[in-house]
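This report concerns the side-chain packing and the charged contacts of one protein model.

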Amino acid sequence: MENRAVLREWFDRVDSDKSGGITALQLKTALAVGNLEFPLTVVQQMIRMYDFDRNGSMSFEEFIALNKFLLKVQHAFSDLERGRGFLVPDDVYEALIKIGFMLDSPAFYSVCESFDQNKNGRFQLDDFIALCVFLQSARNLFNSFDTSKQGRVTLDLNQFVYCTANCRI
């Protein structure tokens, strides 16, 4: 698979200390080269989303999973930005549906307000990615409590604190 070889080459360049894993700081620096500027907290969340072995860094296989997610998000953004370089909330809603996030109006407007960095109703690609990283992390955490897969969970205070601490960006 040619794409896998390209990803391996990119991964090996980013893994500057040749540890076999990418740290959040290494990933942040590499994404910035591609004009994607994220706070370190967002990059740390990206790693946590796919850090299957929970060692705090991203192996090549984990990186492939993150890359697949980021490509899906970027394609949804590109399909709807219409040459403007940004999405407006209606586009964000449509893009989220394409990615597989179905939010009701209060939840949708709440995340839009939180991730609209300039408070102007325009979501640049990095804003949109950060929003999707948050939603995917929240979904992963929710699913870990929704063991019966009914779309509902009951949390005690300790579980709620754990959730809020792990979904912060």
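## Aromatic pairs between helices

Phenylalanine 77 and phenylalanine 128 are both buried, where buried means under 20% relative accessible area, exposed over 50% and partly exposed in between, with a 1.4 Å probe and protein chains only. The two residues form a tilted aromatic pair, 6.1 Å centre to centre with 40° between the planes. Phenylalanine 77 belongs to helix α4 and phenylalanine 128 to helix α7, so that the pair links distant parts of the chain, 51 residues apart. Helices here are DSSP runs of H or I with at least four residues, strands are runs of E with at least two, and both are numbered from the N terminus. Rings of Phe, Tyr and Trp (its six-membered ring) pair if their centres lie within 6.5 Å; planes under 30 degrees apart count as stacked, over 60 as edge-to-face and the rest as tilted.

By this rule the count comes to 10 aromatic pairs. In one of them, the rings of phenylalanine 11 and phenylalanine 63 have centres 5.9 Å apart and planes at 50°, so this pair is tilted. Phenylalanine 11 in helix α1 and phenylalanine 63 in helix α4 are 52 residues apart, and their pair links distant parts of the chain. Both of these residues, phenylalanine 11 and phenylalanine 63, are buried. One aromatic cluster is formed by Trp10, Phe11, Phe60 and Phe63.

## Basis of the model

The model is predicted: local features need pLDDT of at least 70 and side-chain atom pairs count only at pLDDT 80 or more, while totals for chains, interfaces and linings use all residues. Residues are numbered from 1 along each chain as its sequence is written, and side-chain values use heavy atoms, with hydrogens and water left out.

## The nonpolar core

A nonpolar core is a set of buried Ala, Val, Leu, Ile, Met, Phe, Trp, Tyr and Cys residues joined through side-chain atoms within 4.5 Å. The largest such core has 44 residues, of which Val92, Leu96 and Phe128 touch the most other members. At least two residues of this core come from each of α1 (2-14), α2 (24-33), α3 (40-50), α4 (60-80), α5 (89-99), α6 (105-115) and α7 (125-145). Helix α4 supplies the largest share, nine residues.

Leaving aside residues up to four places away in sequence, leucine 96 touches Phe101, Leu103, Phe108, Phe128, Leu131, Cys132 and Leu135 (contact means heavy atoms within 4.5 Å).

## Charged side chains

The structure holds six salt bridges, each defined as a side-chain nitrogen of Lys or Arg within 4 Å of a carboxyl oxygen of Asp or Glu. Aspartate 12 forms one with arginine 8, the closest N and O atoms being 3.2 Å apart. These two residues are four residues apart in helix α1, and are therefore separated by about one helical turn. Arginine 8 also lies over the face of phenylalanine 60, at 4.0 Å from the ring centre; a charge sits over a ring if NZ of Lys or CZ of Arg is within 6 Å of the ring centre and within 35 degrees of the ring normal.

Aspartate 79 and lysine 98 form a salt bridge with closest N and O atoms 3.4 Å apart. Because aspartate 79 lies in helix α4 and lysine 98 in helix α5, this pair ties together parts that are 19 residues apart in sequence. Arginine 82 and aspartate 91 meet in a salt bridge at 2.7 Å, N to O. Arginine 82 is exposed, with a relative accessible area of 53%, whereas aspartate 91 is buried, at 6%. A network of salt bridges links Arg82, Arg84 and Asp91. The charged end of arginine 84 sits over the ring of phenylalanine 86, 5.1 Å from its centre.
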